[in-house]
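The following questions and answers examine one protein model step by step. Please consult the sequence and the structure while reading.

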Amino acid sequence: MCDEPKIDNSTQEPMNCTNHTAYVQCLPAPNITCRDHLGIEKFFTGREVGFYKPIECRNVNGYSYKVAVALSLFLGWLGADRFYLGYPALGLLKFCTVGFCGIGSLIDFILISMQIVGPSDGSSYIIDYYGARLTRLTITNATFRKMQTYP
């Protein structure tokens, strides 16, 4: 049985997150005997920590998703969303062109809402830990690919 991670209120990520990984303690079932890599047997009663399970966490630097979406919705035509996210040149351009005549504001609102545009430092937004998040799917060499058969 692994514990739920303790969530930091300011970052909405697990405590002690380093290198995109945090660890939670896990308790083996009672009356389990395990042998470690040295051959030493250990008996567990169900109250002692057996191992630490790594869980993934994100790098955040204080940019709130809710604030970014609200700025984009209400003040996007002034470039406030781009200034907030750390893109001052685009923010100034949107300010001078009144959000590219409204079209740029609409496009930025969609991009920020879909989390395609994020903070300029490469960090992630602060989003509620148990809230709605988008996870980007990628295909790597470790991805299983099923061959498509044609009838």
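Q: In this predicted model, which residues does Ala-68 touch, not counting residues up to four places away in sequence?
A: Contact requires heavy atoms within 4.5 Å. With residues up to four places away in sequence left out, the partners of Ala-68 are Asp-81, Tyr-84, Leu-85, Ile-112 and Tyr-125.

Q: How many residues make up the largest nonpolar core?
A: Ala-68 belongs to this core, and so do Leu-85, Ile-112 and Tyr-125.

Q: Is Trp-77 buried, partly exposed or exposed?
A: Trp-77 is found in the loop between helix 1 and helix 2. Its relative accessible area is 43%. The partly exposed class lies between under 20% for buried and over 50% for exposed, so Trp-77 is partly exposed.

Q: Where does UniProt place the feature "transmembrane region"?
A: The annotation comes from an unreviewed UniProt entry. In the model, residues 63-80 are 67% helix and 11% strand, with end C-alpha atoms 13 Å apart. Residues 92-112 are 90% helix and 0% strand, with end C-alpha atoms 18 Å apart. UniProt places the feature at residues 63-80 and 92-112.

Q: How far apart do the end C-alpha atoms of residues 62-110 lie?
A: UniProt lists residues 62-110 for "domain: TM2" in an unreviewed entry. The span is 78% helix and 6% strand in the model. Its end C-alpha atoms are separated by 21 Å.

Q: How many salt bridges does the count come to?
A: Side chains of opposite charge can pair when their charged atoms come close. Here the rule asks for a side-chain nitrogen of Lys or Arg within 4 Å of a carboxyl oxygen of Asp or Glu. By this rule the count is six salt bridges.

Q: How many residues apart are Glu-13 and Arg-58, which link distant parts of the chain?
A: The side chains of Glu-13 and Arg-58 form a salt bridge at 3.1 Å, N to O. Glu-13 lies in the segment before strand 1, whereas Arg-58 lies in the loop between strand 4 and strand 5. Glu-13 counts as buried, with a relative accessibility of 2%.

Q: Which residue forms a salt bridge with Arg-35?
A: Arg-35 counts as exposed because its relative accessibility is 58%. In its salt bridge, the closest N and O atoms are 2.5 Å apart. The partner of Arg-35 is Glu-41.

Q: Is Cys-101 buried or exposed?
A: Cys-101 is found in helix 4. Its phi is near 60°, a positive value in a residue other than glycine. With a relative accessible area of 72%, Cys-101 is exposed.

Q: Is Gln-115 buried or exposed?
A: Gln-115 also has a positive phi, about 60°, although it is not a glycine. Gln-115 is placed in the loop between helix 5 and strand 6. Its relative accessible area is 15%. Therefore Gln-115 is buried.

Q: How far apart in space are Met-1 and Leu-27, C-alpha to C-alpha?
A: Met-1 is found in the segment before strand 1. Leaving aside neighbours within four places in sequence, Met-1 is in contact with Gln-25, Cys-26 and Leu-27. Met-1 and Leu-27 are 26 residues apart in sequence, but their C-alpha separation in space is 5.2 Å.

Key: Residues are numbered from 1 along each chain as its sequence is written. This is a predicted model: local features need pLDDT of at least 70, side-chain atom pairs count only at pLDDT 80 or more; totals for chains, interfaces and linings use all residues. Side-chain values use heavy atoms; hydrogens and water are left out. UniProt positions are given in the numbering used here, feature names are shortened, and annotations may be inferred rather than shown by experiment. Helices (H or I, at least four residues) and strands (E, at least two) are DSSP runs, numbered from the N terminus. Buried means under 20% relative accessible area, exposed over 50%, partly exposed in between (1.4 Å probe, protein chains only). A nonpolar core is a set of buried Ala, Val, Leu, Ile, Met, Phe, Trp, Tyr and Cys residues joined through side-chain atoms within 4.5 Å.
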